[in-house]
Amino acid sequence: MTKTTFTYWLAGVGLWLAAILSFAFYTIETTEQRLSDELEATGRTLHRLISQRVAQHDAHMTSLIAVTSGAEPARSGAVRQVMESITRFYPRIAWIVLVSLESREGSSTPPGTLIRRLLEVPDGETEDLSPRGDAIAKQQPGRISVYPSRNGRYLLAKRAQPPSAAAVVLAIDARLLLEPEERPPWAQLQLTLDGQSLLDLPTETVEASGLPLIASPHFESVIDGESRRLTLSLDRPVSLAALLPLKQLLGFAAATGLAFFAIMFALRQRQAAQISQKTMQEAEARALLQERETLLAHASRVNAMGEMASGIAHELTQPLTAVLSRSQAALRLASADNPDIRPIADALEINVREAKRAGEMLKRMRDYASNRAPKPVTSAINAIVTEIVALTLADLRQRGITLECSLAPEPIRAMVDAIELEQVLHNLIRNAADALEGAETLAKLIRIETEAVNGEIQIVVGDNGPGIAPDALQKLFHPFFTTKPEGMGLGLSLCATLVERVDGRIEAANIPGSGASFTIFLPAAQAQEIA
Ligand SMILES: Nc1ncnc2c1ncn2[C@@H]1O[C@H](COP(=O)(O)OP(=O)(O)OP(=O)(O)O)[C@@H](O)[C@H]1O
Ligand SMILES: [Mg+2]
């Protein structure tokens, strides 16, 4: 995996984790809000229910006071019936007592209010009200007051309007203010009277199983009745598991993980497609470039042939002239009486040899100028050098230049295209000849050497011309660098291209006191390549 790909994946995983985290926060936030809204709604419903029931109690008391202390008080039997039917229909009303409040003014008893029971329903279940006597007596007539009691009960008391000394006291069982099905099983429900707990029901279903509680929405409201000191409060303990169900989180992680991997895979595929397209385009561009270089190389060879034409024509004229004169002499000998066949045969034999030599020269020229796709094969380097020497020798001779060859004694081979290597050598020989042209040197000399050094083949083309100017040495192989008025500056750059194509290289140097030297380095062919 490359560094870029790794960074790419790291960023992707980071994004994925960030998405999971955002999902978790969002879920917690919305669930908490939902649970809190639910608690609020339930609280309001319970508040309404309890308020209605409290209002009923108020109504009962008002009507009981009315029937007992009006202008024409009902008979005690009828009042008892009413009281009994109330306790029967409303089980949360534990008992009802009708009392008479009388001032204790006798010297033997302490001052205060004496409570005398007139009626009580059901019999025997009421509690002792004497400690409440003073408090009830001090109540404003017509107003209901609330008093704490025992066993989750509270008391409601109402005084009749004077001169009646009657009062009604109801005991309400706070546990029965709500039906079991009315209370939410998931909340802790509390009813308090002046801060004193009347009812405390814990949660039945646990939304907090095991995990730490992280939120606890709270609802509180005062019951709105004549007796308004009752407070209802609800608490809903919520655990992390309730706010963020693990299944949901895992489901989201799995789904987004899959999507993430699908996207990463698609991106990788696209990247791979782009790379392969780029590689293809580069390969096409390389092929086009090579084609152009081959065309250029061919054009350059054809051009060079033109330059060499006069030397080669001279090279061919000599054998042709000799063949002509030898053939004429043979003809003369043949036309004599009793001709001697021996000298005629000798002359013809030499002619055949000369004609073959001329034919070889022409073939060499045709090969060199041919336009065909280069094909590197394992080639004998010395033979290639010999070929190009044969082709250029006549031209050099005409220009008064001597060409010396020192070839490696052992056969040396390299993977090259023979014509292209000939062209490289030809360019170097032409440059050397050009350098020698204007030189003052008396014995103009070009020297070609071949040798194998450390598994590498070296071909050196040196001359005893003026050498290369130091500032030109760096630019020699740049296309279009030339110091010649007629030069194109393409010879050496083409040489470098052709040599590098077969994994070789070319270097230029000045031989101290003796002109320039160019060395071609080629990887020597391995034994199996030769085989
Ligand atoms: N043997 C040499 N001695 C001195 N200078 C040389 C020699 N060979 C090359 N040079 C210098 O290198 C330059 C570049 O040579 P290159 O063969 O690339 O181009 P060119 O010969 O000028 O033109 P052409 O495109 O016709 O070959 C030459 O102009 C010359 O200055
Ligand atoms: Mg040149």
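Domain 2 and domain 3 bury about 1100 Å² between them, and 62% of this area lies on carbon and sulfur atoms; buried area is the accessible area (1.4 Å probe) that two parts lose on being put together, summed over both. Met-308, Arg-364 and Tyr-368 supply 60% of the area that domain 2 buries against domain 3, more than any other three residues. The model is predicted, with local features requiring pLDDT of at least 70 and side-chain atom pairs counted only at pLDDT 80 or more, while totals for chains, interfaces and linings use all residues. Residues are numbered from 1 along each chain as its sequence is written, and side-chain values use heavy atoms, with hydrogens and water left out.

The domain assignment gives domain 1 (3-241), domain 2 (308-371) and domain 3 (374-531), with bounds taken from an automatic or database assignment. The contact (heavy atoms within 4.5 Å) takes 11 residues from domain 2 and 13 residues from domain 3. The C-alpha centres of these two domains lie 32 Å apart.

One salt bridge is counted between domain 2 and domain 3, the term denoting a side-chain nitrogen of Lys or Arg within 4 Å of a carboxyl oxygen of Asp or Glu. Arg-364 forms a salt bridge with Glu-387, in which the closest N and O atoms are 3.1 Å apart.

Helix H5 (246-335) and helix H6 (341-369) each supply at least two residues of the side of domain 2 that touches domain 3; helices are DSSP runs (H or I, at least four residues), numbered from the N terminus. H5 gives the most to this side, with six residues.

Definitions and conventions. Chains are lettered from A and ligands numbered from 1 in the order in which they are written.
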